[in-house]
Amino acid sequence: MTTVHDTTVTAVTAAAALSVWPASTAELRPGDLAVGGVSLAEVADRFGTPVYVLDEAEVRDRCRTYRDAFPDAEVLYAAKAFLCRAMIHWMDEEGLGLDVCSAGELELAVTTGFPPERIVLHGNAKSPHDLETALRLGVGRIVIDSPSEIARLAAAVGPDGHQKVMVRVVPGISAGGHEKIRTGTEDQKFGLSISDGYAQHAIARILDQPQLELVGLHCHLGSQITSVKPYLAAVRRMVGLMSRLHEQHGLVLPELDLGGGHGIAYRPGEQALDLTTLARKVRAELAEACATAGLAVPRLVIEPGRAIAGPAGVAVYRVLSVKRTGEHTFVAVDGGMSDNPRPALYGVRYAPRLVGRHGSASRVPVTVVGRHCEAGDVLATDVDLPDDVRAGDLLAVPVAGAYHLSMASGYNLVGRPPVVAVRDGGARLLVRRESLDDIRSRDVGL
């Protein structure tokens with residue numbers, strides 16, 4: 001007999017298991033999950049697998065959460081996390097700007113109708129084509145990342161032109177979930193260091209170029225940061241540099257860009273960055289530091305990407321085989337590192353779930369692997385799945401909206417998955433599946 005206590009515990013456990021899923025996620029029938037009012041099994045049947053499912057309402061809600069938390073700041077969506085024309089349209093409607101890293105991202109945004117003045121271009125090695133495209137399309141600001149860019153950009157702008165720029169500064173702060181995604185320290189490729197004077201030297205050179213208008217400083221500490229403290233340290237160091245620039249050049253910079261890197265939870269129980277606390281403490285730290293330095297408080301700019309797109313996405317795969325080897329059980333799916341390289345790159349761990357049917361109550365630890373000819377093609381290790389999982393089943397992986405399709409590759413020529421948007425019980429295709437015809441059309445060697 002099930003007691004009230006048992007029922008309550010079961011409900012709490014079920015809610016905890018769905019804590020990293022889009023808020024619209026619901027169990028229509030035992031084992032049949034829906035996102036945005038659409039059954040994931042139906043999406044798989046209609047569009048095939050693997051397939052990315054993106055909850056439009058979740059994306060928009062996360063945009064509004066940022067606007068509410070930072071009402072006086074400029075919020076730029078980091079396009080590298082995931083970009084398509086629908087995403088660009090949503091960002092425009094929700095009042096966010098865009099942070100792009102290439103002519104490709106920039107062209108897609110502007111040709112979709114996004115206002116170029118609300119776009120910021122940066123990157124550690126901008127090509128001449130990147131800069132030419134930015135100037136041709138009228139991008140709002142360009143973030144200078146190296147001294148060589150100054151002369152190249154000034155020449156491209158021309159003596160009668162004008163371009164707003166920022167300088168990416170290395171504040172010397174280590175933060176982020178993995179060494180490969182920590183970008184605020186001296187030992188990586190981004191930005192200009194404060195400690196060795198390169199940032200100050202570059203700023204002096206910019207001030208000698210009348211066609212370049214320096215409007216602010218930029219820094220980015222890394223990715224998957226779940227503590228507020230690194231951002232507060234960055235505020236202090238950046239304001240310290242702004243104070244020195246004011247003393248040396250009489251320069252008052254109106255903008256301070258703290259980048260993004262806001263950490264999210266990929267599995268139930270993991271820590272995420274508290275956005276409300278971040279906004280409150282950063283504003284207070286910035287006001288205090290500027291008051292101490294005798295500076296006007298600059299307008300804050302932030303660049304969330306993963307924190308907007310990541311939790312809104314779900315990847316759905318079909319199981320191809322179940323293999324038991326010694327003490328290990330391998331569940332192989334029809335995707336893998338070509339559509340999600342993050343486990344291989346950073347050791348990221350996910351929480352796949354059986355969807356489409358009610359599995360056995362008995363659980364078994366398994367390793368979910370991909371279909372590619374690579375030993376490192378592992379999507380999830382030591383995850384508990386029903387012990388009756390079998391070929392033909394569907395597995396869904398939450399928190400798949402960021403750095404999946406944007407980092408997808410052509411490994412083994414399997415083709416990149418489609419993106420399907422769901423909302424209010426409807427599903428529509430945003431990005432179609434990459435076909436063999438697409439792959440053949442690029443191969444012009446015969």
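These questions and answers concern helix packing, cavities and backbone features in a predicted model.

Me: What are the ground rules for the values?
Reply: The model is predicted, so local features need pLDDT of at least 70 and side-chain atom pairs pLDDT 80 or more, while totals for chains, interfaces and linings use all residues. Residues are numbered from 1 along each chain as its sequence is written, and side-chain values use heavy atoms, without hydrogens and water.

Me: Why is H3 called roughly parallel to H10?
Reply: Helix H3 (residues 56-69) and helix H10 (residues 275-293) pack at about 30°. Angles under 35 degrees count as roughly parallel, over 145 as roughly antiparallel, 65 to 115 as roughly perpendicular and the rest as oblique. That makes H3 roughly parallel to H10. The axes lie 9 Å apart. Helices here are DSSP runs of H or I with at least four residues; strands are E runs of at least two.

Me: What is the hand of the crossing of H3 and H10?
Reply: It is right-handed. In such a crossing the near helix is turned clockwise from the far one, by less than a right angle.

Me: Which residues meet where H3 contacts H10?
Reply: Thr 65, Tyr 66 and Ala 69 in H3 meet Leu 275, Ala 279 and Arg 283 in H10. Contact means heavy atoms within 4.5 Å. By class, the contact has 4 nonpolar, 1 polar and 1 charged residues. Ala, Val, Leu, Ile, Met, Phe, Trp, Tyr, Cys and Pro count as nonpolar, Asp, Glu, Lys and Arg as charged, and the others, Gly among them, as polar.

Me: What makes a space a cavity?
Reply: On a 1 Å grid over the protein atoms alone, a 1.4 Å probe fits at its points but cannot get out; lining residues have an atom within 4 Å of a point. The whole structure has 2 cavities of 30 Å³ or more.

Me: Which element gives the most to the lining of the largest cavity?
Reply: E4 does, with 3 residues. The lining residues include Tyr 52, Val 53 and Leu 54. The lining divides into 8 nonpolar, 3 polar and no charged residues.

Me: How does the lining of the second largest cavity divide by class?
Reply: Into 6 nonpolar, no polar and no charged. Met 242, Leu 251, Val 252, Leu 253, Leu 295 and Ala 296 line this cavity. Its volume is about 40 Å³.

Me: Where is the cis peptide bond?
Reply: It joins Thr 49 and Pro 50, with omega about -10°. Pro 50 is in the loop between helix H2 (40-47) and E4.

Note on methods:
Axes are lines fitted to C-alpha atoms, for helices over the stretch in contact, and angles run from 0 to 180 degrees between N-to-C directions. On a 1 Å grid over the protein atoms alone, a cavity is a set of points where a 1.4 Å probe fits but cannot get out, and a pocket is an open set with protein on both sides within 12 Å along at least five of seven lines; lining residues have an atom within 4 Å of a point. Grid points are joined across faces, edges and corners, and a volume is the space filled by probe spheres set on the points.
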